[in-house]
Amino acid sequence: GGGGGNMQLSKGGLPTHNGPGGGGGGGGQQQQQSQMLLANQDQYLSARAEALQNVERTITELGGIFQQLATMVAEQGELAIRIDENVDDAVANVDNAQTHLLKYLNRISSNRWLIMKIFGVLISFLIFFVVFIA
């Protein structure tokens with residue numbers, strides 16, 4: 001018998017066409033094998049398409065996750081810059097406070113000597129009045 005062409009599986013599992021009239025054998029069995037091969041091929045292609053869609057969804061999800069991560073990193077960078085600026089301000093304020101405290105200490109120290117001198121003069125006047133006037 002003749003028929004159309006002879007379909008056979010290649011090494012990769014895909015059907016190949018051997019051209020017109022080759023192979024002999026029964027046409028009904030050949031047609032049934034050919035339909036089975038087409039059904040297997042359709043299942044294989046459907047599975048591949050589904051797998052590719054899953055990969056595409058996964059890549060899209062990963063893209064979203066990386067976008068969120070980039071946003072979080074940018075926010076953390078801004079926060080770190082603000083913290084750094086606040087630390088610099090705190091250091092400047094501490095230096096300013098130390099300067100003011102040193103000025104105040106010097107003023108108090110010089111005032112203390114002045115108070116001691118005035119107190120010494122008052123005591124000497126008191127002793128002078130008690131000894132010579134009383």
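**Ground rules.** I'm working from a predicted model, where local features need pLDDT of at least 70 and side-chain atom pairs count only at 80 or more, while totals for chains, interfaces and linings use all residues. Numbering runs from 1 along each chain as its sequence is written, and side-chain values use heavy atoms, with hydrogens and water left out.

**Fold.** I looked up the elements first. I get 1 helix and 2 strands, in the order β-β-α along the sequence. These are DSSP runs: H or I over at least four residues for helices, E over at least two for strands, numbered from the N terminus. Helix 1 takes in residues 27-132.

How much of the protein is buried? I find 4% of the 134 residues (buried is under 20% relative accessible area, exposed over 50%, partly exposed in between; 1.4 Å probe, protein chains only). Of the contacts (heavy atoms within 4.5 Å) with a separation of 6 or more, 22% join residues 24 or more positions apart.

**Surface.** The protein exposes about 11,500 Å², and carbon and sulfur atoms supply 63% of that. The areas are Shrake-Rupley values with a 1.4 Å probe.

**Nonpolar patch.** I noted a surface patch whose members include F119, V121, L126 and I133, with about 1,200 Å² of accessible area for the whole patch. L126 lies in helix 1 and is exposed at 54% relative accessible area.

**Negative patch.** D84, E85, D88 and D89 form this one. E85 is also in helix 1, but counts as partly exposed at 44%.

Note on methods
Patch = residues over 30% accessible without salt bridge, like charges linked within 9 Å, V, L, I, M, F, W, Y side chains within 5 Å. Salt bridge = Lys/Arg side-chain N within 4 Å of Asp/Glu carboxyl O. Lys, Arg positive; Asp, Glu negative; His and termini not counted. Charge placed at Lys NZ, Arg CZ, Asp CG, Glu CD.
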